[in-house]
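Visitor: Please show me how to read a structure feature by feature, with the general idea before each case.

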Amino acid sequence: MNVAIVGASGAVGAEFLRVLDEQNFPVDNLKLFGSERSAGSTIKFKGNDHTVLLLQDNDDFQDIDIAFVSAGAGVSRQYASTITRHGALMIDNSSAFRMDADVPLVVPEVNAEDILNAPRRIIANPNCTTIQMVVALKPINDLSPIRRVHVATYQAASGAGAAAMMELEQQHRDIASGRQPHTEKFVHQLAFNVIPHIDIFTDNGYTKEEMKMHLETKKIMHAPDLQVSATCVRVPVMRAHSEAIWVETEQPLSLETVRTAFENAPGIVVIDEHAPKGYPMPLDKAGQDPVYVGRLRVDLANNNGITFWTVSDQIKKGAALNAVQIAQCYLKTL
């Protein structure tokens, strides 16, 4: 396959390259694209240096089969026709097209069949927090349809980019040295703090990040009546998001039934013991592929409720790996 990566010099772009290598994805020819700032630099892939090209409205994508795009919603909207006009499949990591009716929003463990209906040659990669959650919701929903989901997220600094990770590190150094920490990438100091505010607020009091989880979950699971309410929180963790999830199903489910469903589900690893190391944490799950599930309990406030905890690397499964898995599913349809 002839593969392109747009936004190759960013954190997700670098992760795309690592995942393509790890997954042994069939890359015959590779083109890397970036902004004026990164164009001309070189990036190594499988021992070969590749020069980053300036993304332009031209015919650079004429021979491309699959383009992984992670350069922001504005860039995706501006260059979508450039990328797809010669037949390339654009797998887009931004929010630009996620809720468009003619663009499938795909998590392969949940709705891989939607890949077959991409009339614009665009498939959207969901928000990282949504991906993590719906992978865990799918095996429960297969047992009994889910009526309602409440989720509180604990989102790592890396969700705001590489510069945000560096800012968190610098804030800790500044505080340890008695200096006033500098804040730029976050709305408040993140070191020794949590911030219940990710993205901008909407008219209903929820943030855009929270509304993404609300809307995207319904679309991915083909469940327009599913009720989803989220509170998204930034925490002083470097990498890997965590989520506390409460689920109400139509029929009551036993813990044993749910645990077995989790254990048999693709993309999930269960770590659920009543012991100090019996649950997943972002500290030791960063860089890993699965969605980890633990702290599985019956909801004491809901007879039809199950509650659990998940951890997943949002740069990997929440972005690059999910996109590559979409591409792998697409190849199977050819």
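Visitor: Is Cys232 buried or exposed?

Guide: A residue is called buried under 20% relative accessible area, exposed over 50%, and partly exposed in between, with a 1.4 Å probe and protein chains only. Cys232 has a relative accessible area of 0% and is therefore buried. Please keep in mind that this is a predicted model, in which local features need pLDDT of at least 70 and side-chain atom pairs count only at pLDDT 80 or more, while totals for chains, interfaces and linings use all residues. Residues are numbered from 1 along each chain as its sequence is written, and side-chain values use heavy atoms, with hydrogens and water left out.

Visitor: How many disulfides does the count come to?

Guide: A disulfide is a pair of cysteine sulfur atoms within 2.5 Å, and by that rule the count is 0. Cys128 belongs to no disulfide, as the nearest cysteine sulfur, that of Cys232, lies 8.8 Å away.

Visitor: How many helices and strands does the protein have?

Guide: Helices (H or I, at least four residues) and strands (E, at least two) are DSSP runs, numbered from the N terminus. The protein has 9 helices and 13 strands. Its radius of gyration is 20 Å, close to the 20 Å that the globule rule gives for 334 residues, so the protein is as compact as a globular protein of that length. The radius is taken over C-alpha atoms, and the globule rule is 2.2 Å times the number of residues to the power 0.38. Along the principal axes, the C-alpha trace spans about 60 × 55 × 40 Å, and buried residues account for 52% of the 334 residues.

Visitor: What percentage of contacts between residues at least 6 apart in sequence join residues at least 24 apart?

Guide: A contact means heavy atoms within 4.5 Å. Among contacts between residues at least 6 apart in sequence, 66% join residues at least 24 apart. Ala152 and Ala244 are 92 residues apart in sequence, yet their C-alpha atoms are 5.3 Å apart in space. Ala152 is also buried, at a relative accessible area of 17%.

Visitor: Where is Met165, and which residues does Met165 touch?

Guide: Met165 has its place in helix α5. Apart from residues up to four places away in sequence, Met165 touches Ala157, Ser158 and Met238. Between Met165 and Ala14, which are 151 residues apart in sequence, the C-alpha to C-alpha separation is 15 Å.

Visitor: Where is the place of Asp28?

Guide: Asp28 sits in the loop between α1 (11–22) and β2 (29–34). With 58% relative accessibility, Asp28 counts as exposed. Residues up to four places away in sequence aside, Asp28 touches Met1 and Asn2, whereas the C-alpha atoms of Asp28 and Phe61, 33 residues apart along the chain, are separated by 15 Å.
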